[in-house]
Each structure stands twice: as structure tokens, then as C-alpha cells.
Amino acid sequence: MLPSQSYVNISFQPPAFLMIGIPGLEALHAWISIPFSSMYTVALTGNFLILLAVRRTPSLHQPMYYFLSMLALTDVGLTLSTLPTTLAVLWFDRRLIGFNACLVQMFFLHSFSVVESSVLLAMSFDRFVAISNPLRYAAVLTNNVIIGIGMAIVTRATLCLFPVPFLIKRLNFCTGNNFLSHSFCFHPDVMRRACDDITINIRYGLYVVLSTGGTDSLLIILSYTLILHTVLGLASPRERIRALNTCVSHILAVFVFFVPGITMSMIHRFGGHLPHIVHALVAYVYLLVPPVLNPIIYSVKSKPIREAMLRVLRGKGQC
């Protein structure tokens with residue numbers, strides 16, 4: 001057994017974590033809260049508008065727009081996962097979050113990230129079927145198939161992230177080492193507060209990243225390789241452009257999600273020497289920017305969505 005003195009600075013579960021917010025800029029939190037509040041408002045308003053537009057417009061009751069609704073619903077969940085603690089830190093300087101509450105937030109935050117990656121993969125499959133076999137599009141992507149894909153996405157995220165909180169609970173934490181570099185509970189940040197061997201946590205975290213985001217990104221690339229092959233086989237240049245135009249919104253959404261995600265993963269694994277503010281800002285970009293930009297991208301690039309959203313804002317009936 002270890003000497004009793006070795007337990008002086010260790011507690012199995014800290015009562016709470018202290019969230020720093022944006023390291024080095026604590027004095028400016030009141031000002032920083034303005035753009036953050038604006039982004040949260042835009043994200044929630046834009047994604048709720050998409051959900052209402054698809055629901056109220058029968059002409060949008062198609063597979064492509066059902067998947068877009070899944071993306072919007074996921075972005076709402078991702079936004080709400082970080083909104084309470086982020087605004088509590090920036091507005092009211094309330095930095096404490098209970099240990100178990102932190103684990104719950106961490107589970108939902110990472111689960112919605114996995115769901116978003118999966119939905120983007122499903123949307124690439126939708127585009128592949130629509131372009132490569134348009135005559136069988138409705139027969140392949142029936143309502144039952146879409147519901148099955150949605151359930152599989154949620155099940156996958158839940159099973160992948162379910163062990164994570166328990167892997168954190170088994171760790172020993174030193175007293176006085178409960179500072180988090182963000183205004184929310186982020187798995188790489190939380191596990192590095194432990195005064196214990198975190199090898200299992202690191203390996204399992206890497207497995208989740210590679211088996212979800214890594215696999216999804218490769219399959220999306222494969223989908224677009226097949227789409228490009230199909231498009232190049234079209235006789236008319238006009239048809240090629242028209243086919244590719246249906247993919248532009250999805251391609252932009254993929255870049256908006258995966259580029260910050262890959263950057264964040266690389267920084268957390270190989271950027272230990274970088275200032276904490278870099279880690280914090282990249283995490284905020286990864287979690288906040290996609291929910292903000294996705295409704296903008298689809299409202300600008302998709303005329304049916306734009307018109308349906310405008311009808312919702314004007315309070316007009318179904319069309």
C-alpha cells in the first residue's frame with residue numbers, strides 16, 4: 001500500500017471543475033460575450049427555421065431535405081450542449097460545474113459531434129444515389145430507410161461515447177488541478193486534469209475519432225469520387241454543372257465541420273507546447289462555427305430552402 005501521505009493531494013472525484021473560459025482574456029469576457037451570444041442566436045434561429053421550413057412545406061418532404069433536417073436538429077443539440085456553461089462563464093462569471101454534470105455535458109457534446117459526422121456521411125450517400133441512379137432515388141431512400149439510418153446514427157454515437165464518462169470516473173484527480181481550459185467539459189481537457197495513468201483514455205479517444213470522424217471522412221471522399229466519375233460520364237457539360245451544383249452546399253458543410261475537427265484533433269495530440277488560448281479557440285470554432293454556417297450555406301445555395309424559410313418568417317401557409 002501507498003503511504004498515507006500520498007493521499008493528501010488526491011481525491012477520487014473532485015466536487016467540481018473550474019472553467020477558465022478563454023485563457024488570458026478573462027478580463028474581456030463581458031465584451032467577448034457579445035459575439036458569442038450573437039453566434040448562439042444565429043445558430044439556433046437558423047436551424048429552427050430550417051426544421052420549420054421542411055416540416056411546413058410538402059414539396060420539401062424528400063430524402064435530401066429529411067437529411068438536412070437531421071443536420072439542423074444535430075446542430076441545435078450541439079449548440080445547446082455548450083450554451084448554458086459558456087454564457088454562464090461569459091455573462092455571470094459562474095465558472096464552477098459539478099463533476100457529474102461535467103460528465104453529462106461531455107457525453108452529449110461529443111455524441112452530437114459524432115452524430116453530425118454520421119449525418120454528413122448519410123447526406124453524401126444521398127447525393128451519390130440521386131446523381132448515379134436518379135430513377136431509383138425514391139425507391140432506394142424510402143421513409144423507412146431514412147428512419148433506419150437515423151436510428152443507426154443515434155445508436156452508433158451512443159455506443160461509442162457511453163464508456164467515456166466511466167473511463168473518466170475511474171481516474172484519480174489531484175486537488176488544485178481542477179481547472180478546465182474551456183467554458184465546457186471537453187474530453188481531452190478533462191482527462192488531462194487527472195493525476196493518474198490516462199493511457200486507456202487516450203487510446204479509446206483515438207479509437208472513437210478514427211472509427212467515426214476518420215472513417216466517415218474517408219467514405220465521404222469515396223462517395224464524391226464515385227459522384228465525380230458519374231458526372232464526368234454525362235454527355236452534356238450543362239448536365240455536369242447542374243449535377244455538381246446539387247452537391248455544393250453539402251461539400252461546404254463537410255469542410256466547415258471536418259477542417260476544424262481535424263485541426264483540433266491534431267492540436268490536442270501534437271500541440272501540447274501551444275498556448276492554452278489556441279486550444280480553446282480551435283475548440284470554439286469546431287463547436288460553434290458549423291451550427292452557425294450550415295443554415296447560411298443552405299439558405300444561400302438552395303433556392304427551395306431559402307424560399308421556404310422566407311415563407312416561415314412571413315407567417316405564410318403551406319406550399
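Biologist: How many salt bridges does the structure hold?
Modeller: The structure holds five (a side-chain nitrogen of Lys or Arg within 4 Å of a carboxyl oxygen of Asp or Glu). This is a predicted model, in which local features need pLDDT of at least 70 and side-chain atom pairs pLDDT 80 or more, while totals for chains, interfaces and linings use all residues. Residues are numbered from 1 along each chain as its sequence is written, and side-chain values use heavy atoms, without hydrogens and water.

Biologist: Which residue forms a salt bridge with R156?
Modeller: The partner of R156 is D216, with the closest N and O atoms 3.0 Å apart.

Biologist: And which parts does that pair tie together?
Modeller: R156 lies in helix α5 (residues 143-161) and D216 in helix α8, so the pair links parts that are 60 residues apart in sequence. Helices here are DSSP runs (H or I, at least four residues), numbered from the N terminus.

Biologist: Is D216 buried or exposed?
Modeller: D216 counts as buried because its relative accessibility is 1%. R156, by contrast, is partly exposed, with a relative accessible area of 22%. Buried means under 20%, exposed over 50% and partly exposed in between (1.4 Å probe, protein chains only).

Biologist: Which side chain meets D93 in a salt bridge?
Modeller: That is R95, with an N to O distance of 2.6 Å. D93 is partly exposed, its relative accessible area being 47%.

Biologist: Which residues is A88 in contact with?
Modeller: Leaving aside neighbours within four places in sequence, A88 is in contact (heavy atoms within 4.5 Å) with D93 and R94. A88 belongs to helix α2 (residues 63-92) and counts as buried because its relative accessibility is 17%.

Biologist: How far apart are A88 and Y65 in space?
Modeller: Their C-alpha atoms are 35 Å apart, and the two residues are 23 residues apart in sequence.

Biologist: Changing topic: where does E116 lie?
Modeller: E116 is found in helix α3 (residues 99-132). E116 is buried yet has no salt bridge.

Biologist: What does E116 touch, then?
Modeller: Not counting residues up to four places away in sequence, E116 touches L71, T74, D75, L78, F257, P290 and N294.

Notes
Helix = DSSP H or I, 4+ residues; strand = E, 2+ residues; numbered from the N terminus. Lys, Arg positive; Asp, Glu negative; His and termini not counted.
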